[in-house]
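User: Could you walk me through this model before I look at it in detail? I would like to start with the surface and then move to the side-chain pairs.

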Amino acid sequence: MANAAMHRRALATPGKSGPARQHLTLRLLAALPGGYALSALGGICLSLWLPLSRADCAMAGILVGLLVWPVTFMACFGVADGRKAFGVTLLATLLAGGLALLEGWRP
């Protein structure tokens, strides 16, 4: 019982660094700005590829972006490793950005 109390106290120590904090930081970076960038670039890619009017393409891109961001956020906290979440989100974002640039999008 005393060992469990010491363990809880050790986890609550301010300024503690370690793998748990690094994984949480990587997950947050992948989920918040990474998920936002992925959803924006995914919406841009979709709006460039759809054979619809400009207004319909823009609306479809926005709606897909609204779906991609929460899914990315949940996936970043659903995997076991924060580095894996960050790497996959970064790779998907770079891929979507590259595809958008190849399709003719100019930032």
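**Surface patch and side-chain pairs**

User: Which element gives the largest share of the nonpolar patch?

Analyst: The largest share comes from H2, with four residues; helices here are DSSP runs of H or I with at least four residues, strands are runs of E with at least two, and both are numbered from the N terminus. Before going on, note that this is a predicted model, in which local features need pLDDT of at least 70 and side-chain atom pairs count only at pLDDT 80 or more, while totals for chains, interfaces and linings use all residues. Residues are numbered from 1 along each chain as its sequence is written, and side-chain values use heavy atoms, with hydrogens and water left out.

User: OK, and which residues form that nonpolar patch on the surface?

Analyst: The patch is formed by Leu24, Leu28, Leu32, Tyr36, Trp69, Phe73 and Phe77, which together have about 630 Å² of accessible area. Helix H2 (19–49) and helix H3 (54–78) are the elements that give two or more residues to it. Patches take residues with over 30% relative accessible area and no salt bridge, joining nonpolar side chains (Val, Leu, Ile, Met, Phe, Trp, Tyr) within 5 Å and like charges within 9 Å; the areas come from the Shrake-Rupley method with a 1.4 Å probe, and for residues only the protein chains shown count as cover.

User: Take Leu32, then: where is its place?

Analyst: Leu32 sits in helix H2, and Leu32 is partly exposed because its relative accessible area is 41%, given that buried means under 20%, exposed over 50% and partly exposed in between (1.4 Å probe, protein chains only).

User: Switching to the rings, how many aromatic pairs are there?

Analyst: The count comes to two aromatic pairs, where rings of Phe, Tyr and Trp (its six-membered ring) pair if their centres lie within 6.5 Å, and planes under 30 degrees apart count as stacked, over 60 as edge-to-face and the rest as tilted. The pair of Tyr36 and Trp69 is edge-to-face because the ring centres are 5.2 Å apart with the planes at 70°. That pair links distant parts of the chain, with Tyr36 in helix H2 and Trp69 in helix H3, 33 residues apart.

User: Is Tyr36 buried or exposed?

Analyst: Tyr36 is exposed, at a relative accessible area of 52%, whereas Trp69 is partly exposed at 33%.

User: And what about Phe73 and Phe77?

Analyst: Their ring centres are 5.3 Å apart and their planes at 45°, so the pair is tilted. Phe73 and Phe77 both lie in helix H3, four residues apart, which is about one turn of the helix. Phe73 counts as partly exposed at 32% relative accessibility, and Phe77 is partly exposed at 35%.

User: How many disulfides does the structure hold?

Analyst: There are zero disulfides, a disulfide being a pair of cysteine sulfur atoms within 2.5 Å. Cys45 is buried, with a relative accessible area of 4%, and Cys76 is buried at 3%.

User: Which residue forms a salt bridge with Asp81?

Analyst: Arg83 does, with the closest N and O atoms 3.6 Å apart, and the count comes to one salt bridge (a side-chain nitrogen of Lys or Arg within 4 Å of a carboxyl oxygen of Asp or Glu). Arg83 counts as exposed, at 55% relative accessibility.

User: Last one: how many helices and strands are in the protein?

Analyst: The protein has four helices and zero strands, and buried residues make up 23% of its 107 residues.
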